[in-house]
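Hi,

Could you take a look at the structure below when you have a moment?

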Amino acid sequence: MRRVVITGVGIYSCIGKNCTEVVDSLYHGRSGIGIDPARTEYGYRSPLTGIVTRPDLKGILDRKQRAFLPQEAEYAYISTIEALAQAGLDIAYFEQNEAGILFGNDSSAQAVVEAHETIKEKRDTVLVGAASVFHSMTSVVSMNLATILKLKGINFSVSGACASGSHAIGLGYLFIKHGLQEMVICGGAQEVNMVAMGSFDGISAFSTRVDEPAKASRPFDADRDGLVPSGGAATLILEEYEHAKKRGATILCEVAGYGFSSNGEHISQPSDRGSYVAMERALRDSGLLPKDIGYINAHATSTPIGDKFEAMAITQLFGENSVPVSSTKSMTGHECWMAGASELVYTILMMQNDFIAPNINFERPDEYSALLNIAAQRMDGRFDVALSNSFGFGGTNSALVIHQIK
């Protein structure tokens, strides 16, 4: 089997519009969560959200290219350009060499809502416009980036709820590992607008701690009351090891293992068993033992049930008070379809800069999180191996193991 490495990363999120800004936020435990007044007016119980501004692509892409990009694809374009620059790649390379793209994205709600409103008001489907067709497709990110970047390899989107971005990376890893591709652009994207999240608010999934937005996302804390929605995009360049060496690329780390499972039970409630299986499978695939892991970036979304089951699974596999654990969602909120990709980027940035970001707002453990070694404060120091968890509705679970090249 061939080795798979990461040669570039890019990020566009509520805690930074590039890797440099994100490292600073992670290091200082800075939250990107705020209030969206429009959500209150619209009828939300909770106006909390990750604050992500839209990029200005005028002068970067032509008018036609911009017209086909909805919000999440704009974010993905910016994160991908950053990742490509770090990897030493450009369109000229892709015109001469095959590369694929696998992006996690599980909905494109705003385009569907806007098209419906236009047809309902005007009674004429023609007025929706051609771009709306592509805006509304779940594959909108992969199709746009593949076209803009002239990609000729594997090309599709991965729809796996809040594990979408992680599964996209896992699949890219498998395509390269088994010799089907030399390079795959992987990532995840999530739109940040109120129409995309109304149904989640309606089932009381969100925190209502509106008096202190920066303290609303509280993974593993006993007083957590729900997640905070967020989004943006994250991109990672996956490449076969010898291929990367041959072209002189800087290798950031190696993807050592991918694990997955399905709970096979409740459509929305997690499972400690399913979480355990995904993590154990990722470790087995990597050939590593639980004691080898230096850090776990937990999925923990700040929901009462979800954090509980993940804490149980981590304790079952790693033992009590062992490996350092934190959830970057304490700062970013839940980035949904992009979370599996962005959290691997966050982990790589921490690994490169020798620190573990704090699980902010962790003030009082419950009976399950008390058994974990949670980094309530930033932990300075080197770690070489990390595990990143991502779980989603429908019981889909993904876990990725990365390590430094030695």
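Not counting residues up to four places away in sequence, S132 touches A111 and A115, where a contact means heavy atoms within 4.5 Å. S132 lies in helix 7, residues 131-135. Helices (H or I, at least four residues) and strands (E, at least two) are DSSP runs, numbered from the N terminus. S132 counts as buried because its relative accessible area is 14%; buried means under 20% relative accessible area, exposed over 50%, and partly exposed in between (1.4 Å probe, protein chains only).

Please keep in mind that this is a predicted model, in which local features need pLDDT of at least 70 and side-chain atom pairs count only at pLDDT 80 or more, while totals for chains, interfaces and linings use all residues. Residues are numbered from 1 along each chain as its sequence is written, and side-chain values use heavy atoms, with hydrogens and water left out.

Next, some residues with partners from elsewhere in the sequence. I33 is found in strand 2 (residues 33-35) and is buried, at 9% relative accessibility. Leaving out residues up to four places away in sequence, I33 touches L48, T49, G50, I51, P213, A214, S217, V228, S330, M331, T332 and G333. I33 and T208 are 175 residues apart in sequence and 13 Å apart in space, C-alpha to C-alpha.

A189 lies in strand 6 (residues 183-190) and is buried, with a relative accessible area of 0%. Its contacts, again not counting residues up to four places away in sequence, include E72, F103, V141, G232 and W337. Between A189 and A311 there are 26 Å in space, C-alpha to C-alpha, and the two are 122 residues apart in sequence.

What about T40: buried, exposed or partly exposed? With a relative accessible area of 49%, T40 is partly exposed. T40 is found in helix 2 (residues 37-42), and T40 and M194 are 9.8 Å apart in space, C-alpha to C-alpha, while being 154 residues apart in sequence.

Helix 12 (residues 272-286) has 15 residues and reaches 21 Å from its first C-alpha to its last, close to the 21 Å expected at 1.5 Å a residue. The expected span is 1.5 Å times one less than the number of residues. S271 caps the N-terminal end of helix 12, with a side-chain oxygen 3.1 Å from the backbone nitrogen of R273. The buried residues of helix 12 are D272, G274, S275, A278, M279, A282, L283 and S286. They pack against strand 8 (253-262), helix 13 (304-318), strand 14 (385-392) and strand 15 (396-403). An α-helix has 3.6 residues a turn, so residues three or four places apart point the same way. Just after helix 12, G287 takes a positive phi of about 75 degrees.

Helix 13 also has 15 residues, which should span 21 Å at 1.5 Å a residue, and its end C-alpha atoms are 21 Å apart, which agrees. Among the buried residues of helix 13 are G306, F309, A313, I314 and L317. Helix 12, strand 9 (295-297), strand 10 (324-326) and strand 14 are among the elements that cover the buried residues of helix 13. Just after helix 13, G319 takes a positive phi of about 90 degrees.

Most residues other than glycine have a negative phi. Which residue in the loop between helix 10 and strand 7 (232-240) is worth a look here? F220 is found in that loop, and its phi is near 70 degrees, a positive value in a residue other than glycine. F220 is buried, with a relative accessible area of 1%. N361, in the loop between strand 11 (355-356) and strand 12 (373-374), has a positive phi of about 70 degrees although it is not a glycine. N361 is buried too, with a relative accessible area of 12%.

The largest pocket has a volume of about 590 Å³. Of the 34 residues that line the largest pocket, the closest to its centre are S268, P270, T301, T303 and F393. On a 1 Å grid over the protein atoms alone, a pocket is an open set of points where a 1.4 Å probe fits, with protein on both sides within 12 Å along at least five of seven lines, and lining residues have an atom within 4 Å of a point. Grid points are joined across faces, edges and corners, and the volume is the space filled by probe spheres set on the points. The largest share of the lining, 5 residues, comes from helix 13.

Best wishes

Key. Polar contact = N/O pair within 3.5 Å; in protein donor to acceptor, adjacent residues only side chain to side chain.
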